[in-house]
Amino acid sequence: MNRIVKTALLAGAALSALSTAAMAQDTGAMASGPQASSIDDVIITARRRDEQLKDVPVAVTALGAERLEETGASDITALQQQTPNATVQPARGSNSTLISFVRGVGQQDPLWGFEPGVGLYIDDVYVARPQGAVLDVFDIQRIEVLRGPQGTLYGRNTIGGAIKYVTSHLSDTPEMTLRGTYGSYNQMDLLASGSLPLGDTLRIGGAIASYNRDGYGTNLTTGAESYNKDVLAGRLSVEFQPTDNSFFRLAYDRTEDNSNPRHGHREVAGVGAGSGVNANVYDTYAGVGDENSVITEGVSLTGEFYINDGLTFKSITAYRSGETDTVIDFDNTPAPTLDIPAIYGDHQFTQEFQVQFEGDRIQGVVGAYYLNAKASGAFDTILGNFGFVIGTGGFVETESFSLFSDVNADLTDRMHLSIGLRYTQDSKTGDVFRANYATATRSPLLGGTARAPTLVRTDYTNSRDFNDISPRFALSYDFSDRITGYASFSTGFKSGGFDMRGDAILTPDTVNGYNPETVDSYEIGLKGSAFNRRLSFSSAVFYNEYQDQQVTTQVPAVGGIASFVDNVGSSTISGAEFEGTLHIMDSLTANFAIGYLDATFDEFQRYNLGTAQYENIADQVVLQNAPKYTGYFGLTWRGQVAGGALAVTPSISYRDDYSQFEFPNPILDQKAYSLVDLSMVWTAPNDKLTLGLYGKNLTDEEYRIGGYNFPGAAFNNSIIGYYGPPRTVSAMLQVKF
């Protein structure tokens, strides 16, 4: 498969060269070739205004509602298959907590206080916490994945990139959609959405969706389902347009996830009952329990004021909150060898102002952004073999203020200069408490028997301020009306913070927190269409210098588990991407995405618990979630069948070998694998009835998406893997009124 993917990369490079050679004859006159799905027709808002994808000097993957439906995308983790150099998947042990990496930059740790390296936005509202962020795809217009630092345009933490989840605006006419899906493992998904105009200026609408599925496996200790799904999600919006020059949108969304926790699979045998390696990778012997609840909700008010043809003022006010009550059994046995019950709570308020302007030769946006957030929680580390529990609790308060601008100037009719700048000021206060309590049962922090700690390991409150100025420069040139090339330099910034697991006895420096990390990114790209618009493509080559990189690890130690969040040093990340659409004939279209990544640590300073010194061990580590090659290829045949339109899409996606952590582990690290899917969607002539049949992972590939590594007799050799979904088949019926 490696040879196939490398061949595909070379073929993609050849296609790009051919399209460049075709520029001389691609003069911009409307061609007779296919028009649908051309990059010329794809409109995105990556730069906070409507633009053709080919005109944006940023590497962007844009998937519209039709494409998501044709490929059977159920939630945003489907982006991982169709986006080069991207990891988008549920966190280990979770059904709805999101882990994202783009070009090797991200954050795997979803604990409160840690911030993602890839920003998630729902209709321009930044989602600070990953809990409940595995968004199901419904009532959506498109999803955009912006690769590389996006600090000059977006609210926070886009050092690796940004994911934009764009919902549909309400219709001017009454609409109602009902959809039901039934599939493997007794999957039953139901959706109802609609909108209703109340006069010429007011519209209301909403959607409610229920997602239910039996487990892929069983908890053999309790009998509960493992890897099941029980999610209820809803969205309500009101749109008001009192005048031709103003528009308001009030939106509310809520998600309740009551799926059982995913306890994982023992990859090696331990000692005692339930310590064997189960044949079914979704089965578990976990004894900590099966209660799990994640509730996230948010409300936002967006106001747009069109001052004149070239000037628009926009305000985005939002509040979001979340609560999580969960358990994870790290040892996967009935005994409380390494059990982790946990609770999280968070809330955030954000306010953003934008001024968008457009003149004859200059366009852009300037704005201000404010965030006030608090993330808190508590968790126990129940250590049965030691006879005690470590209770950990605390909070992180964040106040952030930013000024940003991104301006595009037409130097000539074909040459354009984009200049962006962002100033960020962050203030953080961290409070961390960590203590040992006698007996291996829940601590008082998690509702256990009231008792005094036997040893206080950490107890501090500290505050730190972080400031940064992040520039971006891009020069683009229109080789023709359909081919654009660009070169850019941008910097990314993610502020520092405090380690909520920090053990001041084992790692005294933890009370000082950790510093920000930054990325310097260099990129050149070519995008557009050629061959009478039969080929639409986007390509990029990039080189990133990653400094003061924040890395989170936990390792067994005398008296418990030591946590590190260190600025370990630096790495160099380079790579290439080529994606697009090829219209082979009027009825047959190919979609493809190819990514190449070369990521290496230049410096990795690791604290040695024995010597109490930092050591450079760069030759022993790798970047996690950074497969060298990623690829996607899908064919879509469209034709008339039974009076309606039928679309048939077989596809294959590929991920090369990758490591779950910075320290390679042959037991947990995932070997290269491919996923084969097939979908068939039939739509009636009047677009009122749609039938779909979807097959996912048809070869029933077993592949890990996460893990925990706690070897040794004291932890009963707890090396745990978490797996992606097995083969599934589902059928969908949708009716529109």
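Analyst: This is a predicted model. Let us begin with a strand pair: β3 and strand β9 (residues 140–147) run antiparallel and are joined by six bridges.

User: Why are β3 and β9 called paired?

Analyst: Pairing takes at least two bridges between two strands. Six bridges join β3 to β9, so the label applies. One example is A59, whose bridge partner in β9 is R147.

User: Which sheet holds this pair?

Analyst: An open sheet of five strands, in the order β3-β9-β10-β7-β8. Its pairing is mixed.

User: What makes β3 and β8 edge strands?

Analyst: Each has a single partner strand, so one side of each has no neighbour in the sheet. β3 covers 59–64 and β8 covers 125–127. On average, neighbouring strands of this sheet are turned by 20° against each other, direction ignored.

User: What stands out about the phi of D139?

Analyst: The phi of D139 is near 55°. That is a positive value in a residue other than glycine. D139 sits in the loop between β8 and β9.

User: Why is D139 called partly exposed?

Analyst: Buried means under 20% relative accessible area, and exposed means over 50%. D139 has 27%, so D139 falls in between and is partly exposed.

User: What is the strand order in the sheet that contains β18?

Analyst: The order is β18-β39-β38, in an open sheet of three strands with antiparallel pairing. β18 (265–266) and β38 (704–710) are the edge strands, each pairing on one side only.

User: How do you know that β18 and β39 pair?

Analyst: Two bridges link β18 to strand β39 (residues 718–723), in the antiparallel sense. The rule asks for at least two, so the pair qualifies. H265 stands opposite G721 in β39.

User: Where does N717 lie, and what is its phi?

Analyst: N717 is in the loop between β38 and β39. Its phi is positive, about 50°, although N717 is not a glycine. The relative accessible area of N717 is 25%, so N717 is partly exposed.

User: Is T398 buried or exposed?

Analyst: T398 is buried. Its relative accessible area is 7%, and the cut-off for buried is under 20%. T398 belongs to strand β23 (residues 388–410). Beyond its sequence neighbours within four places, T398 is in contact with residues including E115, R156 and L371.

User: What makes L202 partly exposed?

Analyst: L202 has a relative accessible area of 26%. L202 is found in strand β13 (residues 202–213).

User: What does L202 touch, not counting residues up to four places away in sequence?

Analyst: L202 touches L196, P197, V238, E239 and F240. L202 and Q241 are 39 residues apart in sequence, and 6.5 Å apart in space from C-alpha to C-alpha.

User: Which residues form the nonpolar patch on the surface?

Analyst: L236, L250, Y252, V299, L301, Y319 and F349 form the patch. Together they have about 600 Å² of accessible area. β17 (246–257) and β19 (293–308) are the elements that give two or more residues to the patch.

How values were computed: Residues numbered from 1 in each chain as written. Predicted model: local features only at pLDDT ≥ 70, side-chain atom pairs only at ≥ 80, totals over all residues. Heavy atoms only, no water. Helix = DSSP H or I, 4+ residues; strand = E, 2+ residues; numbered from the N terminus. Axes fitted to C-alpha atoms, helices over the stretch in contact; angles between N-to-C directions. Buried < 20%, exposed > 50% of the residue type's maximum accessible area, 1.4 Å probe, protein only. Contact = heavy atoms within 4.5 Å. Patch = residues over 30% accessible without salt bridge, like charges linked within 9 Å, V, L, I, M, F, W, Y side chains within 5 Å. Areas by Shrake-Rupley, 256 points an atom, 1.4 Å probe, with all protein chains shown as cover. Salt bridge = Lys/Arg side-chain N within 4 Å of Asp/Glu carboxyl O.
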